[in-house]
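Open the model in your viewer and keep the sequence panel beside it.

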Amino acid sequence: MALRLVTFAPHGGGPARAGALLNDGEVLDFAAAGLPYAEMTQVIEGGAEALAAIRAAMANPVATARLPLSEVALCAPIPRPARNVFCVGRNYMDHVAEGDRTRGITNSELPKFPQFFTKAPDTVIAHGATIPDHGATGVTKWLDYEAELTIVVGTAGTNIAPEDALKHIFGWTIANDVTGRDLQRRYGQWFKGKSLDGSCPMGPWIIPADELDASDIAIQLWVNDEQRQSSRTSKMIFDVGQIMHHLSLGFTLRPGDLIMTGTPEGVGYAMDPPQVLKTGDVVKIAVEGIGELVNPVG
């Protein structure tokens, strides 16, 4: 079983803190185990040394540091990112084509460069948290989902060569790029349609990059048990190395930065007839080797 790094908050109160799942029923509290990693950002900044210390602690866990999973709530791995969440649009060719079809374009062109945008830090919500139904409030008519593999940056770097990208990646998590499609188009730039409150479910944990080769893994999404998306990360137009390279040109990536790598085909607005998220829906994303991110809409 891969190391699953979590941020959790005790049901009895107190600040969120870093830990790891010991099994499917317990969490190891790093601070209580004597590790100097109270927050996930400290684990990330600690890099390989931190991971080695965590693995050693998990091999012989202190009894007082073991908490029943039923007594804690899992937060997003980085509950409040220090900077905007970086995102890549139109990074699977079949998704490019389905988006073009909604605009009457039948001959789609392969993008020459990655298309970057961001989501505000406080859009991030946890596994199990409710995605606000912005359609019910009249903010958007087209609330949609996007399953995405997400990079957790571990080592700072600028002008990163594609072949060196993995040296700068701490790990992987899952995110849902919830989007107001009409807002995305209305305002030209995508920030508004991509930064509605609660529009970035993320988690439920981080898998270290040294435990998962994410170059060809399955990525899937269901709404109310109906499968909508199913693809593999090998189908990305710009792979992780190219994403890291282009984003870091003249721009320093920092430990704890989050980079969503794009979504495959199967989004709701491109279906026939189009589908929108609404109160009562449950969205589940599964990424091979990481786990499942599940959020209700309400």
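Predicted model: local features only at pLDDT ≥ 70, side-chain atom pairs only at ≥ 80, totals over all residues.

Take the contacts between residues at least 6 apart in sequence: 75% of them join residues at least 24 apart.

Next, switch to a cartoon view. The chain has 18 strands and five helices. Its radius of gyration is 19 Å, close to the 19 Å that the globule rule gives for 298 residues, so the chain is as compact as a globular protein of that length.

Now colour by burial. Of the 298 residues, 53% are buried. In soluble globular proteins, nonpolar side chains tend to be buried together.

Select L149, I151, W172, M244, I259, V287 and I290. These belong to the largest nonpolar core, which has 50 residues, and they touch the most other members.

Which residues is V287 in contact with, leaving aside its neighbours within four places in sequence? Select L149, I174, I217, A218 and I219 to see them around V287.

Then move to A20, F30, V152 and A175. They are included in a second, separate core of 33 residues.

The chain exposes about 12,600 Å², and 52% of that is supplied by carbon and sulfur atoms.

Notes: Residues numbered from 1 in each chain as written. Heavy atoms only, no water. Helix = DSSP H or I, 4+ residues; strand = E, 2+ residues; numbered from the N terminus. Rg over C-alpha atoms; globule rule 2.2 N^0.38 Å. Buried < 20%, exposed > 50% of the residue type's maximum accessible area, 1.4 Å probe, protein only. Contact = heavy atoms within 4.5 Å. Areas by Shrake-Rupley, 256 points an atom, 1.4 Å probe, with all protein chains shown as cover. Core = buried A, V, L, I, M, F, W, Y, C linked by side-chain atoms within 4.5 Å.
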